[in-house]
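Hi,

Here is the structure I promised to pass on. Have a look at it first, and my notes follow below.

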Amino acid sequence: MSEKILDIKDLNVGYKTYRGVTSVLYDLNLEVNRNETIGVIGESGCGKTTTMKTINQILANNAVIKGGEVNFKGKDILKMKKKEIVKLRRRNVSMIPQDPTASLNPLFKVKTQMKDILKYSREDGEDLDFKEETIKLFNSVALADPERVYDSYPFQLSGGMRQRVCIAMSLAAPKDLLIADEPTTNLDVTIQNQVLQLIGDILDEMNFSAILVSQALGLVKKFVDRIYVFYGGTVVEVAKTQRIFDNPVHPYTRGLIESTPKLTGGGFSAGIAGQTPDYVNPPSGCRFHPRCPNSSKECKTEKPEMVRVEKDHYVACWRQ
Amino acid sequence: MAENLIRVENLKRYFEMETGTVKAIDDITFDIKENEVMGLVGESGSGKSTTGKVLMGIHPPTGGNISFREKDISIPSAERSKSIKRDMNMVFQDPGGSLNPTKTVLDIVGLPLRIHDMVEGKKEMAERVYHLLETVDLEPERFMYRRPNDLGQGEKQAVAIARAIATDPSFIVLDEPTSALDVSIQAKIMNILIDLQDEYNMSYLFITHDLGLMRNIADRVAIMYLGRFFEVADSEVFFETPLHPYTKVLLGSFPTTTEEEEKLTPDINARGEIPSAMDLPSGCKFHTRCPFKEERCLEKEPKLVEVEEDHFVACHLVHGVDDVEYDIEKVEQVERDFEYDIDEIKMKTE
Amino acid sequence: MAEENNDEKESFEEDEEIEEKVEEIFEEREESPWKDALKRRWYRFSSNPLSLVGLAITIISIFLAVFGEYIVPYPEHGGYFHNYSDRFIEPFTTLEYPLGTDNYGRDVLTRTILGFRYSIRMSAVVLSLVVPSGVVVGLVAGYHKDTWIDTLLMRISDIFIAVPPLVLALSITAMLEPEPLYAMMAVSLMWWPWFARITYNNVSSLVNEEFVQSAEIMGDSKIHIMFSELLPNCAGPILTKMTLDAGWVIIIGASLSFVGLGAQPPTPDLGTMVAGGSDYLAHQWWVSMIPALAISFIILGFNLLGDGIQDAFEESGGGS
Amino acid sequence: MNMKKYIGKRLFWAIISLIGLSMFIFYFGRIIPGDPIRMMVDPRTPDHVVEELQRSLALDRPIYTQYFIWLRNVFQGDLGFSIVTRRSVTTDVRRYLPRTLELIFYASFIQIVGSFLLGIFAGSNINKWQDHITRVFSYIGVSIPAFVFALIFQLVFAHRLGLFPGTGALTRGFPIPTERTGFLALDALLDGEISTLINFIHHATLPAIALAIPGMAQVARMIRSGMITINQKDYISMARGFGLPERTIRFKYLLRPSIIPGVTVLGMQIAMMVGNAFLVEMVFRWPGFSRHAINAMLSSDLNTIVATVMIIGIMFAIINIVVDTLVAYIDPRIRFTGS
């Protein structure tokens, strides 16, 4: 069994709000093996960003970790001391942001921000030729006119270029785990495709494991080995990529695939009734039951356990 | 043949900025028939949203003219007659931004009824709004007196649609109505839109960047790039046999979920960034990113030519060598040997 | 085409149950929308104890301003009165004069309480003149953003903002006889631009919002858009500024009286009393200090209340 | 570089506002009922003085001609005749204004340093004791008018503790430095009279602090709230995500964006200080132009009042433009796109 880079066990996270403490992540389990790329699919408000930010501990300060473990190479991140977390961020985990415009400091040139990141991410950070290293990184992310980009402010770059700068930052030093949190949601369709191809090539060339987060199943299909489907702050289904498309078991996964409009036409499915759950007082038992077409009594009372459907294919649903 | 509801001829809309002129719409011509859904697809900066806004009179056109039921509406909405304003309406992209946060759903949906005094008194207004909320699958009891920030994104957009159909208009502009919604909620909203279109036999101008959505609602589709039409065709033709390289590139970038869809998505990618509308490239505007670029693409700008029945394309390659018959093999052959790889990009980052 | 619409119209009248349902909602409506909006605002307001302190202080100040003369121990000390035998009694030494007496032997506690009326009245009069006029100017200029109306109105208001308010107030009052009414008029004359400015900033940022464009294309009248669509959205910032400015106006008023341009002795105006007492500051500090602390007490109340109102209108959503 | 255009536009509108202001204040002074001269001078003054005054104020001519005459004189450096000092207002300005400017400069220095230290001190340890203390201080600073601070300081530090002189700018016996720049501090320095300089600063400290506190509280509050909002921005959590040390994040990536709201308010607060100077100079009997202007106002000396308003208006415009340039320097987006 290849060594597990990341092993999240029964993670529970909430946020302090004026309406009380929410319960967003709810007994969430997720694993990433060495050199494996997994996809995390879920709609807005399903807890995917909260999970990713728990991994490298950049949660908002009103976040409350209620329980669970986040084991990175066997050590639980939640129990790490400050110094260890900083080392984890520099050497082991890096993140490509969802909104490149908001992720680059508007008041500093790209070169200043790159310099600091290189300085602290690399062991030999102190005596690097920062310009040369940055230009090399910019070329590896196919940035046109790297000299100009190096010397300009973020607001002078297009959305696509800003995202490539963010990718270059995450490649500043070889890492064990790369997290890409909806890296192309804020980009135009053609640019989106270019950036996705780029991330795909990086994943092939460099041997680190990665988590690719997205709202659309189709987007990550070509790049990921396994797919986790998130709903209401927990994992509802996990399987090899192709199995999710061929044999979706959980009603939410099925609903998601059916509601995605097809190029071949055929009109729209009825979609999924209801709204995303309210995390201040979330639905009891299986959080999908208010929207589930065939929910029964025990769905409303107990949280369903993960049931094995076939090799590497699990689903959290009482009706299976 | 249903007569034309809307006629647009050589429409231009420029925005004067300090740093130069932005040619948002650069001479487009099309018409929308009664009870027809016309689709406008394109990336940001293509001018698709501006076209919707110019039709609604939010911006007056810089050139060309628009007529609605033979009446000229190339004027800002303030100068348009009340009957025209009653007969047209719009649903905006951001559900949160298009509803006044301090008003209740009753006030929001009831506003057009009040403006065109189609109701007397609060009681009749409440009844009409009750009925409208039912048509968009929102239980009136729960939603009538709610405020926008207590609604989910899907519910907000449903309220916006209820407001748009309140005066029983015959034409609605839908500017990316579901791009802010999750896929599951988007399907419900699209079903509502399609049912309303049949039930009230309205015409839509449906604007989106999502080809999957377009395929399932539009009768005819036009693809826009930097203010110009590149290809206009009926929905099936547009998706089954696309001709313009840009249409193929967009199709190629579509995230497919089923096998059948794979066949429709050619493996072609555009290069580089979308140029700024301030300094448009010479000749065909797509030549800076087109994988099939040729000499003539740089000099001459291709016109929108009817290559097949009701199928217009603006591309030299497709038009063939000047007026020689269009040869489909040449385009397919070029498609196959073009392979995207990373090193090639690095070398040629001109 | 037209016939179909008529059939639908008849169906409206026939649906009796719709009418009953509408009646039902009508009765239940009276309390629901206002109640929960108010509940939410109050919850956020009261979550910060300081705001409650501010509210309490403001209520006390207004109570003293209105009923002061009925509850003070020596009402006649408010006018021409002297009793040299009780001159300069130290505060907290006798029950008869808890806060001591001034140079004419008048009870400092009485005069300070009476002083509340002048300060609060100053704020009330100035704000009631300034807020409506400033808000309307800001609203009209904001809605007609970047047109000649905007430039004209905002440039006129800039004239009064070109100089610190105290300087202009002093100069104008100096040109008139030193009368509290003139002081109030002077302060109002140059205070409305501040409200024009804050309303303009809010309205001009809202004018391109889609709900305004939607109202315009539907044919809504300009007046209705300005007053019914735009103005309610500025209620929060305007109310906050009004409360904070109530304190500011009192400072300006007290400063004018301190200089001798406000209410003339023996009227118990707080500013005038502070000025009057400053000659004896070295030894009989309380004559000047007690009214000075009273001024600060009122202003502190308005500042705490103003911050509380700002929190109440803060639209911060819950975390997820 | 449209920085020049950005500043040019601000300058243009500032001048327009000042002209508008001058018209307003000039006109207002003239339209009040009653003969302004009679109101100004005491009844016993002989008639010939009254006529001379009337001629100098050109009250017989229509208002707008009077305005242009006044404007022409101003450009020639003649601010008109002062009833209170029986001399040209220009000489009064040259004599008193430097004292006020020195005080304002000293108070601004205290305010800037104080507010930034306090703001950062509170902003970097939110909801800890440092934060609460700063909030209490800022509420006090905002609620107590400057002239009350002046009185309190005078009472406590001057009368009771005797640490600072309570009044005036220079203790008797210290030689008045030769008049070179008109600024006492500079002249003393140039004369090498260090002890005079120190005495002068000793005198100026209490009024300067009294002036600085209200503004310091406001600016500190803005910087603190700025740091809180910026701390939640994506680019800060990204910087933490890359393992940058907290020190670099706080004093580089977090500090620069968060001081912008503070700096924009700074201009306003320094201007407010110029206003408060009127009262603080009165309390400390500081021989500045503001105290002189108060006396002129009390005896409705029109020319001095108009001159005061215009001088302070110009000072305010300069402060605003300096602050705008500072903000444009800090935020490149304004430099390049003017937004």
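A term to start with: pLDDT is the predictor's confidence in each residue, on a scale from 0 to 100. This is a predicted model, where local features need pLDDT of at least 70 and side-chain atom pairs count only at pLDDT 80 or more, while totals for chains, interfaces and linings use all residues. Residues are numbered from 1 along each chain as its sequence is written, and chains are lettered from A and ligands numbered from 1 in the order in which they are written.

Confidence in chain B

Chain B has an average pLDDT of 85, with 91% of its residues scoring at least 70. Helices (H or I, at least four residues) and strands (E, at least two) are DSSP runs, numbered from the N terminus. In chain B, confidence is highest in strand S7 (residues 171–175), at a mean of 95, and lowest in helix H15 (residues 342–347), at 45. Over residues 333–350 of chain B, pLDDT stays under 50, and the model has 14 contacts there beyond four places in sequence; two residues are in contact if their C-beta atoms, placed from the backbone, lie within 7 Å.

Where the chains meet

The contact between chains takes 38 residues from chain A and 42 residues from chain B. On the chain A side, H8(A) gives the most, with 7 residues. By class, that side of chain A has 14 nonpolar, 20 polar and 4 charged residues (Ala, Val, Leu, Ile, Met, Phe, Trp, Tyr, Cys and Pro count as nonpolar, Asp, Glu, Lys and Arg as charged, and the others, Gly among them, as polar).

One helix pair here: helix H11 (residues 251–259) of chain A and helix H7 (residues 183–199) of chain B pack at about 50°, with axes 8 Å apart. Axes are lines fitted to C-alpha atoms, for helices over the stretch in contact, and angles run from 0 to 180 degrees between N-to-C directions. That angle makes H11(A) oblique to H7(B) (under 35 degrees is roughly parallel, over 145 roughly antiparallel, 65 to 115 roughly perpendicular, and the rest oblique). A:Gly255, A:Leu256 and A:Ser259 of H11(A) meet B:Val183, B:Ser184, B:Gln186 and B:Ala187 of H7(B). Those residues divide into 3 nonpolar, 4 polar and no charged.

Inside chain B

Chain B is divided into domain 1 (4–220) and domain 2 (242–349), with bounds from an automatic or database domain assignment. Their C-alpha centres lie 32 Å apart.

Cheers
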